[in-house]
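Hello,

Here is the structure I promised to pass on. Please have a look at it first, and then read my notes below.

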Amino acid sequence: MQAWRVHRNGEPSEVMELEETDRPTPGDGQVLLKVLAANINFPDALLCRGQYQVRPPLPFTPGVEICGETEDGRRVLATPALPDGGFAEYVVADEAALLPVPDALDDAEAAALHIGYQTGWFGLHRRAHLRAGETLLVHAAAGGVGSAAVQLGKAAGATVIGVVGGPEKAAIARELGCDLVIDRHGEDIVAAVKEATGGRGADVVYDPVGGNAYAKSVKCIAFEGRVVVVGFASGTIPAPGLNHALVKNYSIVGLHWGLYKTKDPAAVRACHDELTELASQGVVKPLVSERLPMADAARGVQRVADGTSTGRIVVLPAGGTR
């Protein structure tokens, strides 16, 4: 089969190589899946760079989530077992963790439903306890992770403020349903949030960026607000001033969704049921900006690494458009 392989760490466009290799062999409790669509995530770029919390042995295939097909023809969502990731024609995955694909979504959309939307749902509901009528501030609102949080925030009845970088991304954030869009390139985030909330600030901040985004967020957080720390796409990990959290009375909560897969798998399945229902209602629908053939996967991962993409970029190993 064909698979993208990484033999040394570095930038995705430089270290990802398309090769012929053997199909992976399922172990106990695993199944072989044909990859219908593989969604590109920022962790794929970090894996290539050797900067992810999981460091598979070299060589490995990146690709942390897929829509795949079982031998009996069922479409399922899966997180492939590294080092044999999803940018390949076949993967193996734990059978117990497979999730059925919502009928309302095509292969590419389904591949993008899993990690980003699960992260958004757990972040907003389990960690931040977002309530209807509250104000949600989402950083990188036009990106893959941010766009999921925007849709889930609107589904929860929140007023959603999206922060983006540039007019193209601002237009996409508006289409996603943001009530207010702030372009960080030319607008003052703190002033805009305070003006929009009558000085109160945002009740919940969803931050996959870190760095300056976090610093701005805590300057416009509401009384008893919650900052959900999702990731550090900026490359800078903030050093929170806990005295500031004390005097302003807000909470800083971390979210590592992967822990739920081992510590509370029943919650992951319950979340998927909720997401399936929202998808069937048309309330959530992954924003797939590009559907790439297998040969262009490295270019797509590099675009995500560089922060120039919007929504989700999905690789279609079989060359289809579904």
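Predicted model: local features only at pLDDT ≥ 70, side-chain atom pairs only at ≥ 80, totals over all residues.

Residues are numbered from 1 along each chain as its sequence is written, and side-chain values use heavy atoms, with hydrogens and water left out.

Let me start with the rings. Rings of Phe, Tyr and Trp (its six-membered ring) pair if their centres lie within 6.5 Å; planes under 30 degrees apart count as stacked, over 60 as edge-to-face and the rest as tilted. That rule gives two aromatic pairs here. Trp121 and Phe122 are edge-to-face, because their ring centres are 5.5 Å apart and their planes stand at 80°. Phe122 also forms a tilted pair with Tyr260, at 4.2 Å centre to centre and 35° between the planes. Phe122 belongs to helix H4 (residues 115-127) and Tyr260 to helix H10 (residues 258-263), so this pair ties together parts 138 residues apart in sequence. Helices (H or I, at least four residues) and strands (E, at least two) are DSSP runs, numbered from the N terminus.

How accessible is Phe122? Its relative accessibility is 0%, so Phe122 counts as buried (under 20% relative accessible area; exposed is over 50% and partly exposed in between, with a 1.4 Å probe and protein chains only). Tyr260, at 14%, is buried as well.

Of its 83 residues, Leu33, Phe122 and Leu136 touch the most other members. Another core, of 17 residues, lies apart from it and includes Ile189 and Tyr250.

Now the strands. S9 (residues 159-164) and S10 (residues 180-183) pair in the parallel sense over four bridges; pairing takes at least two bridges found by DSSP. Between them the chain passes through helix H6 (residues 167-176), in a right-handed β-α-β crossover (with the strands pointing away from the viewer, the path from the first strand over the helix to the second runs clockwise).

Lastly, Asp84 is in the loop between strands S5 (75-78) and S6 (90-94). With 28% relative accessibility, Asp84 counts as partly exposed. Its C-alpha is 6.0 Å from that of Phe60, which is 24 residues away in sequence.

Best wishes

Note on methods: Core = buried A, V, L, I, M, F, W, Y, C linked by side-chain atoms within 4.5 Å.
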